[in-house]
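This report describes how parts of one protein chain pack together. Please keep the sequence and the structure in view while reading.

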Amino acid sequence: LSTAYERFRQFYSRKNSGRVLKLVHSLGTLTLIVGFASGQEKELVMTTLQGLVVEQLSHGTSISVADLAVALDVPTELVLRSVTPLVFNLPGQRAGTRSDILRREGEGKGKLTPANVLSMNPSFSCPARKLKMPRPADEGAMQAAQETAGEQKKFLLEAAIVRVMKARKTLELNLLQAEVARQVSSRFSPDFKMVKKLIEGLIQREYLARDEDKANVFNYLA
């Protein structure tokens, strides 16, 4: 691959003076025809790194994730992200398809670790002849989405707290939490630790106040 890339790079440089050619491996795909111990032969469409991992294991060898990272000269974390969809059947796949073409040995419930040893899954079987393997999750995008979802939940919870207290004026913590949970139940199940933090924030901003006689009772400040 490196030889072919270098030839193309030289050709590209001659045709496009001043431009720099760079490979983005995470966006590359390849197709491998792989035979499994079950007797099935599958056409697998996957990312370049996933394909390199499968090629390393397709001769009956077993290699740890850490050793694969060394052999392929890529960060261990990148190997972990790329290989995870090939070990676990992830949600959201097409009906009748599977992606668990690799087997892992070692500890780590539902999650790969650098010490896990990988090999081809001898019991893999799937009706489909051609399979498109799930791409590795984009951690940056996932983290941003999770943070956005978290902020939206906080906004909805805080709005529910204010609505309830504005209507009831005075309420105990347990009753307040129960009513807030009821109001947002159609969207998500609230984390009551978060509800308590939001209540404390509303107290600091002088929307609510603790009752002078009962610490678990709150008053709405008009």
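## Terms and overview

A residue is called buried when its relative accessible area is under 20%, and exposed when that area is over 50%. The model discussed here is a predicted one.

The chain has 222 residues, of which 32% are buried. Its secondary structure consists of seven helices and nine strands. Among contacts with a separation of 6 or more, 51% join residues 24 or more positions apart.

Helix H3 spans residues 65-72, and its buried residues are Val65, Leu68, Ala69 and Leu72. Viewed along the axis of H3, the buried residues lie within an arc of 100°, and therefore they line one face of the helix.

The face of H3 turned away from the buried side bears Val70 and Ala71, which are exposed. The cover over the buried residues of H3 includes H2, strand S3 (63-64), H4 and strand S5 (117-120). After H3 comes Asp73, which has a positive phi, near 60°.

## The packing of H2 and H4

How is a pair of packed helices described? The description uses the angle between their axes and the distance between the axes. For helix H2 (residues 48-57) and helix H4 (residues 76-87), the axes come within 9 Å and cross at roughly 75°. Because an angle of 65 to 115 degrees counts as roughly perpendicular, H2 is roughly perpendicular to H4.

On the H2 side, the contact is formed by Leu49, Gln50, Val53 and Val54; on the H4 side, Leu78, Val79, Ser82, Val83, Pro85 and Leu86 take part. The residues of this contact comprise eight nonpolar, two polar and no charged.

## The nonpolar cores

Which residues touch the most other members of the largest nonpolar core? In this core of 27 residues, they are Leu44, Val83, Ile101, Leu102 and Leu118. Strand S2 (41-47), H2, H3, H4 and S5 each give two or more residues to the core. H4 provides the largest share, five residues.

Beyond its neighbours within four places in sequence, Ile101 is in contact with Phe36, Leu44, Met46, Val54, Leu86, Ser119, Met120, Asn121, Phe124 and Met133. There is also a second, separate core of 18 residues, including Leu157, Leu176, Val180 and Phe188.

Terms used
Residues are numbered from 1 along each chain as its sequence is written. This is a predicted model: local features need pLDDT of at least 70, side-chain atom pairs count only at pLDDT 80 or more; totals for chains, interfaces and linings use all residues. Side-chain values use heavy atoms; hydrogens and water are left out. Axes are lines fitted to C-alpha atoms, for helices over the stretch in contact, and angles run from 0 to 180 degrees between N-to-C directions. Helices (H or I, at least four residues) and strands (E, at least two) are DSSP runs, numbered from the N terminus. Angles under 35 degrees count as roughly parallel, over 145 as roughly antiparallel, 65 to 115 as roughly perpendicular and the rest as oblique. Contact means heavy atoms within 4.5 Å. Ala, Val, Leu, Ile, Met, Phe, Trp, Tyr, Cys and Pro count as nonpolar, Asp, Glu, Lys and Arg as charged, and the others, Gly among them, as polar. Buried means under 20% relative accessible area, exposed over 50%, partly exposed in between (1.4 Å probe, protein chains only). The arc is that of the directions from the helix axis to the C-beta atoms. A nonpolar core is a set of buried Ala, Val, Leu, Ile, Met, Phe, Trp, Tyr and Cys residues joined through side-chain atoms within 4.5 Å.
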